[in-house]
Amino acid sequence: MLRNINKLVAYVLLFFLLFSLAASALPAGNAHAASAPPVLTPRTSPAPDTAHDVEINFAANSAWTSAITGVYDGGTPLTANSQYVIYPAAQSGNQPSVMILAGVLSAGTHTIKVTAAGYADAATSVTVTAAAITPNKKLQNGGFETPPISASTTPGSKTTTPGAWNYYRDDADGIGWKTTATDHYIEFRNDIKSNSNSSIPIPEGGQFAELNAQFPSSLYQDILTNPGTTVNWRLYHRGRNGTDTMKVQIGPPGGPLVDQASDQGPITDGNSAWRKYTGSYLVPEGQTVTRFSFVSVSSANNKANEGNFLDDIFFGIPPHIVVTQTVNTALTTGDVITYDVKVINNGGDVASNTYASRTYP
């Protein structure tokens with residue numbers, strides 16, 4: 001009897017030993033092997049830098065993108081929408097991508113990892129260079145008139161379609177503006193025949209910009225400012241294919257940029273007319289450079305690369321009119337008195353519809 005009990009105990013111990021060995025051979029936490037993720041490939045032309053979004057492409061895979069649980073810079077998790085955006089499908093020739101927003105990655109080499117439920121981790125290495133941006137003394141090219149897109153060829157352009165639109169790198173001469181777009185291009189337009197509302201007069205000059213260019217991005221300028229000064233801003237906005245919405249953000253170049261309320265309410269418009277928006281901003285103490293930035297919120301057809309027309313941009317102090325006069329006092333009876341009157345605008349904005357008068361004896 002005792003021998004049979006010992007044999008039974010030995011069989012039980014052998015069973016648990018074999019079960020443990022079999023369990024240890026299975027993948028931890030999952031009885032099934034993880035699926036292979038798509039290969040991540042960083043965009044390297046133009047070379048990634050700290051001033052532009054960093055684009056990491058992959059082959060379209062809707063199951064994988066819908067299962068994504070996180071994006072990491074090394075071991076540091078990034079925050080969706082504020083630090084990275086997933087574009088699961090190609091748009092206007094652009095590949096599906098993980099877009100890490102400008103300024104998130106510091107200069108250096110980074111290991112970017114994407115995790116997804118049911119998939120092995122996808123990872124790649126990307127090298128980011130430091131980008132130095134020289135601030136403008138005042139806002140430049142507020143009407144988007146430089147370069148002119150009517151020319152048959154224009155240095156710095158991506159494509160040339162005279163009388164319609166063009167793309168310019170944000171380091172082109174005279175352009176003034178910067179973009180966070182990974183391809184470094186800004187879109188200028190004028191009379192667009194493909195747009196049913198192309199006959200609507202442009203607010204200033206003959207050209208304007210489209211905020212939603214080839215890539216969703218921010219359009220901005222870094223401008224020298226005096227701390228403690230209140231500066232005014234102005235823009236004209238119109239939708240492209242319907243109702244488009246954008247916002248203004250202002251703050252130090254290194255952030256945080258703060259959403260600005262306009263005097264006219266949210267910046268949202270259809271494509272039947274341009275609308276003027278204004279606002280003001282108090283420059284904080286110690287902030288000698290201020291970033292004035294535009295960000296797309298939505299577009300009529302939900303395409304990230306279409307919508308939000310902009311024109312006649314201003315950012316600076318209000319107009320300040322100074323009138324001086326001189327007169328020759330060394331006169332005798334019968335002499336003609338000549339007054340020399342000078343009117344100078346020492347402010348930043350245009351002093352339109354301004355009149356000066358004086359009664360002379």
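User: In this predicted model, are Arg189 and Glu187 buried or exposed?
Analyst: In the predicted model, the side chains of Arg189 and Glu187 meet in a salt bridge, with N and O 2.9 Å apart. A residue counts as buried when its relative accessible area is under 20%. By that cut-off, both Arg189 and Glu187 are buried.

User: Which strands hold Arg291 and Asp222, and how many residues apart are they?
Analyst: Arg291 and Asp222 meet through their side chains in a salt bridge at 2.7 Å, N to O. The pair links distant parts of the chain, with Arg291 in strand β20 (residues 289–298) and Asp222 in strand β14 (residues 218–224), and the two are 69 residues apart.

User: Over the face of which residue does Arg291 lie?
Analyst: Besides its salt bridge with Asp222, Arg291 is placed over an aromatic ring, at 3.9 Å from the ring centre. The ring in question belongs to Tyr220.

User: Why does the pair of Arg43 and Glu55 tie together separate parts of the chain?
Analyst: Arg43 forms a salt bridge with Glu55, and their closest N and O atoms are 3.2 Å apart. Arg43 lies in the loop between β1 (41–42) and β2 (54–57), whereas Glu55 belongs to strand β2, so the pair ties together parts that are 12 residues apart in sequence.

User: What are the relative accessible areas of Arg43 and Glu55?
Analyst: Arg43 is partly exposed, while Glu55 is buried. The relative accessible area is 23% for Arg43, and for Glu55 the value is 3%.

User: Which side chain of opposite charge is nearest to Asp269?
Analyst: Asp269, in strand β18 (residues 267–269), is buried yet has no salt bridge. A salt bridge needs the nitrogen and oxygen within 4 Å, and here the nearest side chain of opposite charge is 4.4 Å away. That side chain belongs to Arg275.

User: With which side chain does the side chain of Asp269 make a polar contact?
Analyst: Leaving aside neighbours within four places in sequence, the contacts of Asp269 include His237, Arg238, Thr243, Arg275 and Tyr277. The polar contact is at 2.7 Å, and the partner side chain is that of Tyr277.

User: Which side chain makes a polar contact with the side chain of Thr179?
Analyst: Thr179 is in strand β11 (residues 178–179) and counts as buried at 2% relative accessibility. A polar atom of its side chain lies 3.0 Å from the backbone nitrogen of Ala181. The side-chain partner, at 3.2 Å, is Ser217.

User: Why is the pair of Phe292 and Phe315 stacked?
Analyst: Phe292 counts as buried at 0% relative accessibility, and Phe315 counts as buried at 5%. Planes under 30 degrees apart count as stacked. The ring centres of Phe292 and Phe315 are 4.6 Å apart and their planes are at 25°, so the pair is stacked.

Key. Residues numbered from 1 in each chain as written. Predicted model: local features only at pLDDT ≥ 70, side-chain atom pairs only at ≥ 80, totals over all residues. Heavy atoms only, no water. Helix = DSSP H or I, 4+ residues; strand = E, 2+ residues; numbered from the N terminus. Buried < 20%, exposed > 50% of the residue type's maximum accessible area, 1.4 Å probe, protein only. Polar contact = N/O pair within 3.5 Å; in protein donor to acceptor, adjacent residues only side chain to side chain. Lys, Arg positive; Asp, Glu negative; His and termini not counted. Contact = heavy atoms within 4.5 Å. Phe/Tyr/Trp six-rings, centres within 6.5 Å; stacked < 30°, edge-to-face > 60°. Lys NZ or Arg CZ within 6 Å of the ring centre and 35° of its normal.
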